[in-house]
Amino acid sequence: MKPTNSFLTSTVQVMPPSGIRQFFNAAEADDEVISLGVGEPDFVTPQCAIDACTRALEHGRTMYTPNEGLMELREEIAGYLHTGFQLKYEPSKEILVTVGGSEGIDITLRALISPGDEIIIPVPGYVAYAPLVQLNGGVAVELELSAEHDFKLTADALQKAITPRTKAIVVNFPSNPTGAVMTEEDWLPIASLAAAHNLVVISDEIYAELTFGSTHTSIASLPGMRERTIVIGGFSKAFAMTGWRVGYLCGDAALVSAMIKIHQYTALCAPIMGQVAAIECLRNGLKDRDAMKQAYDERRIMFAQGLSDIGLSCRTPRGAFYAFPSIAATGLGSQEFAERLLREAKVAVVPGHVFGAGGENFIRCSYAASSVQLSEALSRMEHWLQTNTSAHQRQRAL
Ligand SMILES: Cc1ncc(COP(=O)(O)O)c(C=O)c1O
């Protein structure tokens, strides 16, 4: 019998493909395109990590590791989180090394969701959360963040989204796509609400290192939050290790032991190459991390200002490596804007609507690209805007 769609679950049938990949694939297929589409460092992994991995492979380290990850790596992660973010986790039972932060998000949701549980997802937000909630039988409840509040999560908005069925909230600060960050003061009322309603907090802190002008505060570091928070972290962004597929999740042992079970049956372990490289990054790669961060910081200022100068008003992002300018003044929808910009100006950006409600009047531009590319992208965009938006719109835009 010929396979048909009817073999597939209705959840997967209605699930749209990632709106980011569409632009990534188009950019890959055309050398002339400047890609600001994908959330990936333009740097190569620190050389010390590449060397450590090469040596390990040459010594035949090609096997599985313990399910939880190499103990040396878990110890390094524990030290790193403690020094950098005031988080204390026990390497033997509270840290699980995962196949990127992505696996951490997935298995956390798998461990937590019972059918019909509501998971609050602040939007505009990372594209994977809602599909993963749905795949696990949960209900993704979008909570729209507003530009007026700098896309921060407020207690007021959270309170309105909570119902008796709410199980957890996913938070991601520094944020993809908005670049927003949350301070300790911002977190305090959120933490109180989470405790009052007995919510789990899934805190995706994959961009924790990339805050500019402030240090990252994890909600898990606030009093009473450790027991109800799962922290997701990884090496992809701050250490330019997207292809190595290594991340981690941390939390109270009672919760993490459940994720370890799921991970045992699904991933077995994260790739040993990535784990060896990650150990080396934490031991000897911090200066490389800091140099990359410095470069992002310079590009951030230059690019956000440049976008505003060409009429796409852009608040200066405080974290991650994304600018999220408004395109409202152009009168175009974000999908049309991004498709035409790609086709006509050969600049790939991501339309804001793919990040959920509240994204429609925005585009996401990754500034993890060289300054030369960013300047060229700005000048192509400026020229394109001048020739393609009406005089009236241009007036409003400028
Ligand atoms: C917010 C967020 N979480 C998680 C991930 C996945 O990261 P990883 O490569 O560690 O799986 C990404 C990647 O873009 C991201 O932006």
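Select Leu8 to begin: with a relative accessible area of 44%, Leu8 is partly exposed in this predicted model. The residue belongs to the segment before α1 (10-14).

Next, colour the chain by domain. The domain assignment gives domain 1 (5-45 + 287-389) and domain 2 (47-285). Contact between the two involves 35 residues from domain 1 and 39 residues from domain 2. Their C-alpha centres are 24 Å apart. About 3,100 Å² is buried between domain 1 and domain 2, with carbon and sulfur atoms giving 62% of that area. The interface is crossed by one salt bridge.

Turn now to the salt bridges, of which the structure holds 16. Select Lys167 and Asp117, whose closest N and O atoms are 3.4 Å apart. Lys167 sits in strand β5 (residues 166-171) and Asp117 in the loop between α5 (100-112) and β3 (118-123), so this pair links parts 50 residues apart in sequence. Lys167 is partly exposed at 26% relative accessibility, whereas Asp117 is buried at 12%.

Move to Asp252 and Arg226, a salt bridge with its closest N and O atoms 3.6 Å apart. The pair ties together parts 26 residues apart in sequence, because Asp252 lies in the loop between β8 (247-250) and α9 (253-266) and Arg226 in the loop between β6 (200-204) and β7 (229-234).

Finally, select Arg289 and Asp290, which form a salt bridge at 2.9 Å between the closest N and O atoms.

Methods:
Residues are numbered from 1 along each chain as its sequence is written. This is a predicted model: local features need pLDDT of at least 70, side-chain atom pairs count only at pLDDT 80 or more; totals for chains, interfaces and linings use all residues. Side-chain values use heavy atoms; hydrogens and water are left out. Helices (H or I, at least four residues) and strands (E, at least two) are DSSP runs, numbered from the N terminus. Buried means under 20% relative accessible area, exposed over 50%, partly exposed in between (1.4 Å probe, protein chains only). Domain bounds come from an automatic or database domain assignment. Contact means heavy atoms within 4.5 Å. Buried area is the accessible area (1.4 Å probe) that two parts lose on being put together, summed over both. A salt bridge is a side-chain nitrogen of Lys or Arg within 4 Å of a carboxyl oxygen of Asp or Glu.
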